[in-house]
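Please consult both while reading.

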Amino acid sequence: MPGNSELTISDITLPQWLTALAVHSGIYLLRAWRFSVLTPTELRPPFWKVLSVSSAHNLAAYVLPLKSGEATFVLYSSKVGEVPARASVASLLVSRLLDLFVLSACLAAVSLLGPLLLLDAGGEATAQERTPSGLADQLSALFGYGVFFTVMCFSTLSVCILRTRLVSLLAWFLRLIQLERTSLGGKLLGAVSRFGEALEQAGAGGGLLKATLLSFALWSGVVAFYSVLLFAFGWPEGEAVVVPSVLASGFASLANTLPVNGFAGFGTQEGGWVLGMSLWGIDTELALAVGLSAHLVQLGNLILFGLLGHLGMAAPSKSER
């Protein structure tokens, strides 16, 4: 792998960390903006409340195991912004679908274009040095992942567009089996119908398109964030960094969505990072060292933003003063 294998988190300079922090701040602003767009206008809290809730929720979702932290978004939105639970759940679900769509699109693009970039970066001999298993295996793996993520991209987009129809199909099935005849079944059917209405309102009136564009901007920020950290940990200036950043951040993010992740994603995120970097021919030991250092920087920022989010949620609004 290019770069200095001896560099660790302690070697990052203050300007490099401040640059990464600034990029990370932009990601948080874009994420909160997307939540705001996906919340119906009549239920939408002030932006600073959405930003506070989003920041605090992101820390909980990242740190707590088994994805239990996701529930905090509904609790915080209800407590701070007085957003009904079904509306905040719909906003969160559509956001996650958009994340998966954009992430799949990015991974599909770099996986399918990666072989051309590998060969163009220095020829077959250089690529062969980067992957002990051989250039053919590396290109085959990239192509296979490219096909897989292309299918996932279109599947996720279809679910996102047809989300209300899928809920209607579920309600039709519940009626078909005559579940509404029972007390519990009637309540379940009513809840499904109300949630379908909330999903329809999330992103209505062009909001879904705007949220999609914000998602692309958000994930561009994620790639920029990891690119800054790669350079901070010794990635050579002349080496292409976008593709390995997409592969590393993409697989790390996917691994972190697994319900089996541990505290703060340690272990699962590094596994995703190593897998993504290995597709670019990076040595496993070095990829793990750099991935762990990047993870620690990310976690430090998450704690900082999470604490600021909690302070923002605790701050009284003008009407309460």
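The structure is a predicted model, in which local features need pLDDT of at least 70 and side-chain atom pairs count only at pLDDT 80 or more, while totals for chains, interfaces and linings use all residues. Residues are numbered from 1 along each chain as its sequence is written, and side-chain values use heavy atoms, with hydrogens and water left out.

**Helix H9**

- Helix H9 comprises 26 residues, 207–232; helices here are DSSP runs (H or I, at least four residues) numbered from the N terminus.
- From its first C-alpha to its last, H9 reaches 37 Å, close to the 38 Å expected at 1.5 Å a residue; the expected span is 1.5 Å times one less than the number of residues.
- Gly234 follows H9 and has a positive phi, near 105°.

**Nonpolar cores**

- A nonpolar core is a set of buried Ala, Val, Leu, Ile, Met, Phe, Trp, Tyr and Cys residues joined through side-chain atoms within 4.5 Å.
- Buried means under 20% relative accessible area, exposed means over 50%, and partly exposed lies in between (1.4 Å probe, protein chains only).
- The largest nonpolar core has 63 residues, of which Val94, Leu107, Leu229, Leu247, Trp273 and Met277 touch the most other members.
- H9 gives the most to this core, namely 13 residues.
- A second, separate core has 10 residues, including Ala56, Phe73, Tyr76 and Leu92.

**Nonpolar surface patch**

- Helices H6 (135–161) and H7 (163–176) each supply at least two residues of the patch, and H7 provides the largest share, six residues.
- Leu162 is located in the loop between H6 and H7, and counts as partly exposed at 35% relative accessibility.

**Individual residues**

- Lys49 belongs to helix H2 (residues 47–63) and is buried, with a relative accessible area of 16%.
- The Lys49 side chain reaches the backbone oxygen of Val80 at 3.4 Å.
- Ala85 lies in helix H4 (residues 85–120) and is partly exposed, at 43% relative accessibility.
- Ala85 and Phe73 are 12 residues apart in sequence, and their C-alpha atoms are 9.4 Å apart in space.

How values were computed: Polar contact = N/O pair within 3.5 Å; in protein donor to acceptor, adjacent residues only side chain to side chain.
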